[in-house]
Amino acid sequence: MSDSSAGVTRRSFLQTTGAVAAGAPLLGSTLAREAVARLGPQMDGGAPGAGTLLVKNIHTLVTMDEDRREIRDGALFVRDNVIEAVGATNELPATADDVLDLKGRYLVTPGLINTHHHFYQVLTRVIKPDGTLFPWLKTLYPIWAGMTSGDIYLSAQLAAAELMLSGCTTSSDHLYILPNDSSIDDEIGALADIGMRFTAVRGSMSIGESDGGLPPDSVVEREPDILKDSQRLIETYHDNSRHSMVRVALGPCSPFTISEGLMRDSAALAREYEGVRLHTHLAENQDDIAYSRERYGMRPGEWTESVDWLAGDVWHAHTVWLNDEEIGMFARAGVGAAHCPCSNMRLASGAAPIRKMRDAGVKVGLGVDGSASNDTSNLIQEARQAMLLARVREIDVSGMTAREALEIATLGGAQVLGRDDIGHLAPGMSADFVAYDTLANDWVGAHADPVAAVILCHTDSVSFSFINGRKVVDEGRITTVDYDVLAKQTRDAAIRLSS
Ligand SMILES: [Zn+2]
């Protein structure tokens, strides 16, 4: 499909969902700026999501606050996009502009936070289903090279819809391949339109096969272009204010796709702006470790230090093969980790030492990783797999408790993304929370501990979700897009891409 026909796909989708007015230009950056601008009034207390909201008669309210309070017959009182009060229903105001009565049936937790993803990979699921990392990547790079701006928009929105239905209210995305007319603007616009809180990671690859890297030369970018576009994105979209809906991070892809110079230059650029963080893949499998040793003569931990990435504004995906010394280095420096258990199992990469990392004080969040190596974007299921894998690794149930899995998925994710306004429910926090049905058929017999049931039972979706005070999932259905239309258009794009 040509670029112009991709534009038609995107235009028709946007018009179907009412996301953009007819006649609006199709340039990704223009659309994205408009979409982000529409979020502005909400952040300032205007419509939508303005006024007060009372959520009452919550079966159990899991706050994840300092005392890890779990409040029976709980309630939340929200003003605009911020939580004003948390407590028992009989302690909070009796009414509000909007009232959601959960009738003692639904359990509420903070919204889950996804710290690592590649949204575009929803277009290429189950390709090379039995490959390990490097052969899997080499199969996929040429397919991804065919993506357009419209593909990036659709896939980002579809991945976000899957995440929202599975309880996620904030996600990051690491987009490191930008072929044809695509740009990071496309996914920023997609996420603003669907209403998800977002950290957009401007990914990059600069070392192709001819220079000893893994990707074909055709999909790598020139480093000056990467840095120039990174600066443009930061200055256009990055909002470091409390409750912001969009932040930008910089993310050279991995040790085997970029130069050390790009790592250092990206770090220096990010640190010129408040709250711009750094993200990459690290120590994912044994091939990755071998590449670092061979090319740089260092283990991954030493390498991060050598390129100025051993710092509290950095988070790494995977960290499966960190040794004890590296765990200590990361804890002391405040480096975060995005733990991606499904992807690590799917690609037979290994089981990350999460118990050791948490005990040492490393910040750990969860990531579903790209949908080509998971092959889903279900964050509740990811939390369940994190708990199970940790117990298998340690051969000990204390490898991870059910409540700890929920904590990593909420509070842990907020710490990794450097946010103190999300991840737990307390006055002054962003109004991001989700509700699970304790009477779901999959929870029959789980009444003894409904909080543990979120992780231990088959829980794959939420009944209600609020992001920034706005109801984005209502009785299990997304309110901000037509999910069936979105799925059809994304399916069509995926078929075209792989044909
Ligand atoms: Zn990844």
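Me: How many cavities of 30 Å³ or more does the structure hold, and what is the volume of the largest cavity?
Reply: Rolling a probe the size of a water molecule over the atoms shows where empty space is left. In this predicted model, three cavities of 30 Å³ or more are found. The volume of the largest cavity is about 130 Å³.

Me: Which helix gives the most to the lining of the largest cavity?
Reply: The lining comprises 17 residues, and Leu133, Leu137, Tyr176, His281 and Glu284 lie nearest the centre of the cavity. By type, the lining residues are eight nonpolar, seven polar and two charged. With four residues, the helix that gives the most is helix 3 (residues 133-144).

Me: Which residue caps the N-terminal end of helix 10?
Reply: Helix 10 (residues 324-333) has Glu326, Ile327, Gly328, Met329 and Phe330 as its buried residues. Their cover includes strand 10 (278-282), helix 9 (300-306), strand 11 (314-318) and helix 12 (354-360). Just after the helix, Gly334 takes a positive phi of about 80°. At the N-terminal end, a side-chain oxygen lies 3.1 Å from the backbone nitrogen of Glu325, and the capping residue that supplies this oxygen is Asn323.

How values were computed: Residues numbered from 1 in each chain as written. Predicted model: local features only at pLDDT ≥ 70, side-chain atom pairs only at ≥ 80, totals over all residues. Heavy atoms only, no water. 1 Å grid on protein atoms, 1.4 Å probe; cavity = no way out; pocket = protein on both sides within 12 Å on 5 of 7 lines; lining within 4 Å. Points joined across faces, edges and corners; volume = space filled by probe spheres on them. Helix = DSSP H or I, 4+ residues; strand = E, 2+ residues; numbered from the N terminus. Nonpolar A, V, L, I, M, F, W, Y, C, P; charged D, E, K, R; others polar. Buried < 20%, exposed > 50% of the residue type's maximum accessible area, 1.4 Å probe, protein only. Contact = heavy atoms within 4.5 Å. Polar contact = N/O pair within 3.5 Å; in protein donor to acceptor, adjacent residues only side chain to side chain.
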